[in-house]
Amino acid sequence: MGLFENGSNTNFSPPAIMLLIDRTRQDAAHLGESLRFATEGEIFTPATLEEARQLLAERAFIALVCDIKIGNLWTTTLLEEFGAALKEAGTRILVMSSDEGHRQPAEKAGANLFMLKPVSETTLLTLVKGMLHTPHLFNSN
């Protein structure tokens, strides 16, 4: 992972963002590339909840963008499992679903923001950038 220089000439690591979405690998890779370009972050796109679990155990993330379900598995279980670590790291969490009934479980699991699908790529990129640059505007998890 490369280091960036900011305006005061101090080095910092690019923000790590996890994109955990229920799409084809190619769609996730495309969205991940758009997100990397928009945020200058290091984007991780695990294909399964187990891969996501491994990544969350290994490192901190500044943002987690996920669908409420990956296949038949609920991402809320992952959010609850890592809830304390995500909160301590200040991770901003955006959860998406096509069902309004999933809002409460997502928020209970620690989501800062819940979006009803479909969410356009432009809207998603704008929301993630907003979560990174203005975290005080989003609910605390």
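# Close-up views of a predicted model

**View 1. Strands β8 and β9 run side by side.** Strand β8 (residues 92-97) runs parallel to β9, and four bridges join the two. Ser97 has Leu116 of β9 as its bridge partner. The model shown here and in every other view is predicted.

View 2. Strands of a sheet pair through backbone hydrogen bonds, either parallel or antiparallel.

**View 3. Strand β3 and its two partners.** Towards β4, strand β3 pairs in the parallel sense over three bridges. Here Ala16 stands opposite Glu42 of β4. Towards β5, the pairing of β3 is again parallel, over four bridges. On that side Leu20 stands opposite Cys66 of β5.

**View 4. Side chains of strand β3.** Which residues of β3 point one way, and which the other? Ala16, Met18 and Leu20 point one way, while Ile17 and Leu19 point the other way. In a regular strand the side chains alternate between the two faces of the sheet. Five of the five residues of β3 (residues 16-20) are buried, so the strand is largely enclosed by the rest of the structure.

**View 5. An aromatic pair, Phe44 with Phe61.** A search of the whole structure finds one aromatic pair. Phe44 and Phe61 form it, in edge-to-face geometry. The ring centres lie 5.3 Å apart, with 85° between the planes. An angle over 60 degrees is what counts as edge-to-face. Phe44 lies in strand β4 (residues 42-44) and Phe61 in the loop between α2 (49-58) and β5 (63-67), so the pair ties together parts that are 17 residues apart in sequence. Both Phe44 and Phe61 are buried.

View 6. Arg59 lies over the face of Phe61, at 5.7 Å from the ring centre. Arg59 also forms a salt bridge with Glu42. The closest N and O atoms of that pair are 3.9 Å apart. The cut-off for a salt bridge is 4 Å. Why does the Glu42 to Arg59 pair tie together separate parts of the sequence? Glu42 lies in strand β4 and Arg59 in the loop between α2 and β5, so the linked parts are 17 residues apart in sequence. Glu42 is partly exposed, with a relative accessible area of 24%. Arg59 counts as partly exposed too, at 26% relative accessibility.

View 7. The structure has six salt bridges. Side chains of opposite charge can pair when their charged atoms come close. The side chains of Arg53 and Glu81 meet in one, at 2.9 Å from N to O. This pair links distant parts of the chain: Arg53 sits in helix α2 and Glu81 in helix α3, 28 residues apart. Arg53 is partly exposed at 22% relative accessibility. Glu81 is also partly exposed, with a relative accessible area of 45%. A network of salt bridges links Glu50, Arg53 and Glu81.

**View 8. The salt bridge of Arg103 and Glu100.** The side chains of Arg103 and Glu100 meet in a salt bridge, with an N to O distance of 2.5 Å. Arg103 is partly exposed, with a relative accessible area of 27%. Glu100 counts as partly exposed at 39% relative accessibility.

View 9. Thr76 has its place in helix α3 (residues 75-81). Is Thr76 buried or exposed? At 10% relative accessibility, Thr76 counts as buried. The cut-off for buried is under 20%. Leaving aside neighbours within four places in sequence, Thr76 is in contact with Ile68, Pro105, Ala106 and Ala109.

Conventions: Residues numbered from 1 in each chain as written. Predicted model: local features only at pLDDT ≥ 70, side-chain atom pairs only at ≥ 80, totals over all residues. Heavy atoms only, no water. Phe/Tyr/Trp six-rings, centres within 6.5 Å; stacked < 30°, edge-to-face > 60°. Buried < 20%, exposed > 50% of the residue type's maximum accessible area, 1.4 Å probe, protein only. Lys NZ or Arg CZ within 6 Å of the ring centre and 35° of its normal. Contact = heavy atoms within 4.5 Å. Pairing = 2+ DSSP bridges.
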